[in-house]
Every structure is written in structure tokens, then in C-alpha cells.
Amino acid sequence: MASLALPVRPRRNRRSQGIRRLVRQTAVRPADLVLPLFVVEGEGVRDPIAAMPGRHRLSIDTLVSEAAEAFAAGVPAVALFPSIADDRKDPRAGEAMNPDGLVPQAVRALKNACPDLLVITDVAMDPYSSDGHDGLVIDGRIDNDRTLPILADMALCQAEAGADLVAPSDMMDGRVGYVRGSLDRAGHVEVGILAYSAKYASCFYGPFREALDSAPRAGDKKTYQVDPANRRDALREVRLDAAEGADIVMVKPALPYLDVVAAVREAVDVPVAAYQVSGEYAMIEAAAAAGWIDRDQAMVESITAIKRAGADVVLTYFATEMARRCRDGPVREPRDG
Ligand code: PBG
């Protein structure tokens with residue numbers, strides 16, 4: 001049969017692997033990725049996290065080897081989250097200011113073993129707080145202004161240990177400026193701030209809270225994290241954080257909030273990060289384990305989508321694997337028919 005007179009045929013640009021590679025718009029580079037890691041006390045520990053297959057709570061020695069593997073694969077940064085024993089938790093998160101605590105020790109060990117690896121530390125009270133909230137609880141309410149000095153002390157303790165970037169994930173008002181001021185007064189002008197600016201009150205943090213045993217003991221986080229129904233509120237937060245001195249702003253979770261990632265990319269001129277969180281990872285792993293989706297393709301497609309939406313940086317539990325995958329060159333596909 002004679003071909004139809006169709007001068008415009010979008011399929012021409014898809015007909016072979018070569019042409020698809022040539023016109024592909026979004027590429028994920030290993031350098032775009034950050035690997036979040038969970039650290040716990042002890043030695044030789046690789047304690048599996050049930051809801052995050054393949055992810056573990058690591059003691060400092062095993063943490064250093066996992067971080068070194070990520071770095072060797074081309075991942076420039078890791079983000080640390082501590083699992084703190086219950087008997088070290090208190091309402092004021094005192095352990096977060098311990099210069100010989102788990103996080104400062106881990107930071108020193110990582111910078112020692114791998115000086116060029118960037119180490120990002122989390123600034124929020126929840127892993128250390130007996131209330132399990134990111135801020136200070138007074139009479140059942142989160143006290144914003146009394147939380148700020150605690151966050152600033154936490155950030156200082158991490159900066160002293162050698163963190164490259166501190167990452168306030170607490171969503172208190174004014175914390176970026178407050179932390180910036182106290183870092184500067186202490187001479188840490190080169191320590192950066194990665195602000196969890198648009199952090200939503202999301203159910204997708206479930207596996208993370210299980211990993212750290214950091215779920216709120218009472219109430220929820222809706223009085224400080226952004227309402228999932230809102231986009232303008234996220235833009236307001238990123239603009240404020242950028243004005244207060246954030247070096248990188250972040251949207252979290254990632255895949256369910258791609259419209260927010262795209263809008264934030266337009267709204268500010270600092271780099272934008274997006275966090276593919278524990279629940280996003282768990283959904284892919286669970287569906288793959290059931291044989292319902294292809295795990296590798298889901299990893300590549302989801303991270304590519306997050307970049308396509310406008311993220312410059314992606315925090316993902318797949319970071320090392322994804323980095324290896326991007327370096328391997330073109331994805332091997334069956335021959336085009
Ligand atoms: C808390 C914090 C959370 C995550 C990172 N920092 C959870 C929360 O707000 O309860 C979630 C990360 C993930 O789910 O992967 N400061």
C-alpha cells in the first residue's frame with residue numbers, strides 16, 4: 001500500500017536507538033545524585049530496613065564503605081540520618097549537640113576516608129527528640145522560636161565536625177536565616193545550607209520513620225510541613241529560604257510533586273533539589289518484588305522524570321546504582337524492528 005502523504009511524522013525521531021539518543025532531552029548524570037544513608041552505633045552493623053529492601057542502618061565502618069562505593073560510582077554527596085537509641089533521646093534533643101555523637105563521628109570518618117565526598121547533615125530534632133517532632137514541643141504545641149537556637153546549635157556541631165552542607169528539614173519559620181547567622185558568627189562562612197524548603201506533610205516518609213524510629217509520639221507534622229494540596233505555599237517557602245541565604249532549595253517528596261519542582265525551578269535562581277523519599281523507593285521495590293514492574297526501568301524512569309521536571313539535584317536511595325547505570329552509556333535495548 002502506498003504511504004499516506006504525511007509530511008510531519010514524529011515517529012521518525014524515535015525509529016532507532018541512535019536517533020532516540022540524539023534527540024533525548026534529559027540526561028541524568030552521576031554528579032546530579034545524592035545518596036541518603038542511615039547511621040547507627042556499633043561496629044560491622046548492616047541492619048536491614050524492612051520497608052526499604054536493600055537499604056540498611058549502617059555503623060560508621062560500613063557507612064564509610066558504602067559512601068566510598070557511591071563516590072567511586074561518581075556520586076558527589078551523601079546525606080546522613082542518625083538512628084539514635086531511645087535512652088539518648090530527650091525533649092530538647094540534647095544528643096544532637098554532642099560533639100562526640102554519632103553524626104559528628106560519622107562526618108569525621110567520612111571526610112577522613114574520602115575528603116572530596118560532600119557530606120550533608122540533617123538539621124531537625126526528630127531523630128533525637130523523645131517527642132519525635134522536628135521542633136520543640138511545649139504543652140503539646142511546636143514552639144517555633146524556641147526551636148531555632150536548638151537547630152542553630154545542632155548545625156554548629158555538624159559544621160565543627162566538617163559537614164560541607166547542613167540541611168534544615170524541620171520547616172520552622174525563619175530557620176535558614178537563623179542558622180546562617182550563627183554559622184557565620186562562628187566563622188563557618190563556607191558551610192552551605194541545603195534547605196528542605198517545600199517539605200510536604202506526606203505519608204511517603206513512612207519507611208524512613210520506621211528506619212529511624214522517629215515517628216511523632218503524639219499528633220502529626222501538619223502544623224509545620226506544607227499541605228499536599230498547596231503549590232503557592234511551596235513557592236512562598238522557597239523564596240523566603242533563598243532570601244535568607246539557602247544555597248540550594250529542595251522539594252520533597254519528588255514524584256508526586258513534579259508540578260511543584262517545575263514551578264520552583266522557575267521561581268528561584270539557586271539550584272533546586274528534589275528528594276525521592278523512602279515511600280517512593282518502597283513502592284518501586286514492592287511492586288518489583290511482586291513482579292508487577294521492572295525495577296531497573298522504574299528507577300531510571302522515575303529519576304529521569306524528576307530531572308525533566310526541573311530538579312538539578314536528586315536525593316535518592318538508588319543513587320549508587322543509578323550512577324553506575326548512567327555511566328554504562330546507552331541503555332542496551334533490543335534491536336529496533
Ligand atoms: C525529618 C526527615 C524526614 C525525612 C527526612 N528528614 C521525615 C519526616 O519529616 O518525618 C524523610 C525522608 C524519607 O522519607 O526518605 N526531619
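Which residues line the second largest cavity? They are Y205, F208, K252, Y275, V277, S278 and Y317. The points below take up this cavity and the rest of the structure.

1. Basis of the note. This is a predicted model, in which local features need pLDDT of at least 70 and side-chain atom pairs count only at pLDDT 80 or more, while totals for chains, interfaces and linings use all residues. Residues are numbered from 1 along each chain as its sequence is written, and side-chain values use heavy atoms, with hydrogens and water left out.

2. Terms for empty space. Rolling a probe the size of a water molecule over the atoms shows where empty space is left. On a 1 Å grid over the protein atoms alone, a cavity is a set of points where a 1.4 Å probe fits but cannot get out. A pocket is an open set with protein on both sides within 12 Å along at least five of seven lines, and lining residues have an atom within 4 Å of a point. Grid points are joined across faces, edges and corners, and a volume is the space filled by probe spheres set on the points.

3. The two cavities. The count is two cavities of 30 Å³ or more. The largest cavity holds about 110 Å³ of space. Its lining has 13 residues, and D126, K199, F208, K221 and K252 lie nearest its centre. Two elements give two or more residues to this lining, β9 (192–199) and α6 (206–212); helices (H or I, at least four residues) and strands (E, at least two) are DSSP runs, numbered from the N terminus. The second largest cavity has about 30 Å³.

4. Classes in the cavity linings. Ala, Val, Leu, Ile, Met, Phe, Trp, Tyr, Cys and Pro count as nonpolar, Asp, Glu, Lys and Arg as charged, and the others, Gly among them, as polar. The lining of the largest cavity has five nonpolar, two polar and six charged residues. For the second largest cavity the division is five nonpolar, one polar and one charged.

5. The ligand. The ligand sits in the largest cavity, in the sense that more than half of its atoms lie within 2 Å of the grid points. It is surrounded by 18 residues, the closest being S169, R209, K252, S278 and Y317; a residue counts as near if one of its heavy atoms lies within 4 Å. This shell divides into eight nonpolar, three polar and seven charged residues.

6. Oxygen atoms of the ligand lie 2.5 Å from a polar side-chain atom of R209, 2.6 Å from an N or O atom in the side chain of Y317 and 2.8 Å from a polar side-chain atom of K199. Taken alone the ligand exposes 400 Å², and the protein buries 100% of that; the areas come from the Shrake-Rupley method with a 1.4 Å probe.

7. The second largest pocket. About 320 Å³ of space lies here. Of its 15 lining residues, M171, D173, T223, Y224 and E237 are the closest to the centre. β7 (141–143) and α7 (232–243) each give two or more residues to the lining, and α7 gives the most, with four. The lining has six nonpolar, three polar and six charged residues.

8. Backbone points to check. Most residues other than glycine have a negative phi, and most peptide bonds are trans. A cis peptide bond joins K252 and P253, with omega about -10°. P253 is in the loop between β10 (248–252) and α8 (258–267). A93 is not a glycine, yet has a positive phi of about 55°; A93 is in the loop between β4 (77–82) and α3 (102–113).

Notes
A polar contact is a pair of N or O atoms within 3.5 Å; within protein, one must be able to donate a hydrogen and the other to accept it, and residues adjacent in sequence count only if both atoms are side-chain atoms.
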